[in-house]
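New notebook page. I'm opening this structure to jot down what I look up, one item at a time.

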Amino acid sequence: MARVEFTRHLHRFFPALTDSPIEIEASSVAELIGALDVRFPGLAGYLCDDSGSLRQHVNVFVNALPVRDRLRLTDALAPSCAVHIMQALSGG
Amino acid sequence: MAPPGDTLILGTRKGLLLFERRGGEWKPAGVSFLGIPISYAMIDPRTGVLWAGQDHGHWGCKLSRSRDRGRTWEEVAAPKYPEGEVIRNSMMSVDPKAPEKPATLRYIWCIAPGGEHEPQRLYLGTEPGGLFVSDDGGETWALNRPLWDHPSRLAGQWFGGGRDHAGIHSILVDPNDSKRLFVGISCAGTFETADGGASWTVRNHGLRSNFLPEPNPEVGHDPHLVAMCPGSTKHLWQQNHCGIWKSEDGARTWVNVSENGGPANFGFAVVVDEHDPKCAWVAPAVSDECRVAVGGALCISRTTDGGRTWKALREGLPQEGCYDVVFRHGLDKAGDRLAFGTTTGNVFWSDDRGERWRCLGHHFPLVYSLRFG
């Protein structure tokens with residue numbers, strides 16, 4: 001089970017995320033986001049673009065390290081890992 | 001519900017602002033999406049539904065609709081570019097080996113209703129150049145393949161202007177024949193379909209683009225906005241990057257009607273009278289390397305003779321120290337009413353076709369779109 005925490009900025013669009021951390025069974029980041037989208041419909045579209053890659057200003061950390069594959073999300077998730085889904089510090 | 005023309009919808013950098021006309025004044029009628037850039041917002045006159053395209057910096061482009069004038073909102077699935085579709089790098093590139101990247105939704109430039117007798121049809125103009133069509137009131141969207149697969153795009157003749165990639169900002173449905181549409185693309189030009197989008201014809205003849213080494217290509221022009229006279233649909237106007245053009249033959253030929261020696265040349269917005277095709281308004285700015293108000297003074301320029309002469313309308317507008325520019329969707333008209341919003345957050349309105357202006361406010365966020373509803 002991955003334990004997933006979210007930036008509070010996503011709570012505005014997905015109020016149910018205020019109950020995070022969310023526990024999700026997944027072996028890769030791609031699987032994780034797919035499973036999150038089932039539980040919170042539409043969430044994948046906030047994190048990934050049309051082609052399934054992470055949006056430019058979205059950061060995903062696994063055990064505090066940024067994921068390496070932002071295009072295809074192939075980074076593996078070990079059991080009991082901690083995932084943080086954050087926004088980049090950009091904008092104005 | 002307010003009658004048509006009695007609602008003002010501002011799409012701003014910090015949210016959607018509504019105003020309603022009461023007792024001869026515009027009164028605030030609600031703020032939605034506070035803090036979120038609204039690239040375009042409009043009310044579909046056929047259904048009364050309020051639509052808003054959002055441009056989240058982090059979470060991508062979203063599309064929402066409200067059936068109660070902004071009190072409650074429903075996010076609908078934003079269109080997606082089909083898997084496997086690619087775009088080339090940002091600027092004009094005919095090199096088939098130029099790097100490609102996935103085509104993804106980057107911006108919702110405009111939302112347009114279909115014809116009067118097809119109330120479930122809507123169009124979205126997007127960056128990087130896709131026209132999306134819905135036939136179920138916006139529940140689902142499909143990319144118009146014939147335009148996306150147009151040989152000129154595949155040949156690398158579409159490119160970014162103002163933003164990184166080509167964008168469709170103008171969608172004009174002929175009120176007499178909903179299968180006849182024009183789209184304006186920056187940068188590519190104007191395209192027409194007469195068969196509901198099954199095939200598209202380039203309509204750029206007569207334009208001149210002095211930012212290109214060969215200024216008269218068939219495709220590669222920058223119409224900042226294209227407008228059609230609803231009462232005489234063979235009359236079209238465009239505020240182009242390189243001046244103001246009009247057509248009297250359904251966009252088959254364009255004639256430059258920029259003002260010689262006056263302010264009406266560069267700009268982004270143009271509106272045409274609903275009935276008189278010779279009457280149009282533009283929002284002048286200093287050309288393109290500078291992009292501020294002409295002479296530090298705000299004006300809207302109007303022609304009533306098809307562009308032979310222009311009159312700068314200034315009464316009620318500040319005439320010194322202005323840096324405002326009116327973006328392409330920032331000027332609108334409903335009957336005798338006009339209004340415009342600027343890049344520095346000023347909004348002005350007129351009840352007499354622009355003769356006299358009054359200020360709605362000086363402290364709004366940057367205005368991307370202003371529409372009457």
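I started with a spot in chain A: Asn63(A) sits in the loop that links strand S3 (58-62) to strand S4 (65-66). This is a predicted model, so I'm reading everything here as computed. The phi of Asn63(A) comes out near 50°, a positive value in a residue that isn't glycine. I noted that because most residues other than glycine have a negative phi. Is Asn63(A) buried or exposed? I found 12 other C-beta atoms within 10 Å, so Asn63(A) counts as exposed.

Next I went to Ser80(A), in the loop between S4 and strand S5 (82-87) of chain A. Its phi is positive too, near 65°. Ser80(A) has 10 other C-beta atoms within 10 Å, so I put it down as exposed.

Then I looked for cis peptide bonds. In chain A, one joins Ser20(A) and Pro21(A), with omega at about 10°. Pro21(A) belongs to the loop between strand S1 (2-6) and strand S2 (22-24) of that chain. In chain B, Glu127(B) and Pro128(B) are joined by a cis bond, with omega at about 20°. I traced Pro128(B) to the loop running from strand S11 (122-127) to strand S12 (131-134) of chain B. These went into the notebook because most peptide bonds are trans.

Now chain B as a whole. I get 2 helices and 30 strands. Its radius of gyration is 19 Å, close to the 21 Å that the globule rule gives for 373 residues, so chain B is as compact as a globular protein of that length. Its C-alpha atoms fill a box of roughly 55 × 50 × 40 Å along the principal axes. I also wrote down that 52% of the 373 residues count as buried.

I picked out a sheet in chain B. Which strands form it, and in what order? There are 4 strands in an open sheet, ordered S4-S5-S6-S7, with antiparallel pairing. Strand S4 (38-43) and strand S7 (74-76) each have a single partner strand, so they stand at the edges with one side lacking a neighbour in the sheet. From one strand to the next, the twist averages 25°. Zooming in, strand S6 (residues 60-66) pairs with S7(B) over 3 bridges. I checked Leu63(B), and its bridge partner in S7(B) is Val76(B).

Last entry: where the chains meet. I see 10 residues of chain B in contact with 13 residues of chain A. The chain B side has 4 nonpolar, 4 polar and 2 charged residues.

Technical notes:
Residues numbered from 1 in each chain as written. Chains lettered and ligands numbered in written order. Predicted model: local features only at pLDDT ≥ 70, side-chain atom pairs only at ≥ 80, totals over all residues. Contact = placed C-beta atoms within 7 Å. Nonpolar A, V, L, I, M, F, W, Y, C, P; charged D, E, K, R; others polar. Rg over C-alpha atoms; globule rule 2.2 N^0.38 Å. Buried ≥ 20, exposed ≤ 12 C-beta atoms within 10 Å, placed from the backbone. Pairing = 2+ DSSP bridges. Axes fitted to C-alpha atoms, helices over the stretch in contact; angles between N-to-C directions.
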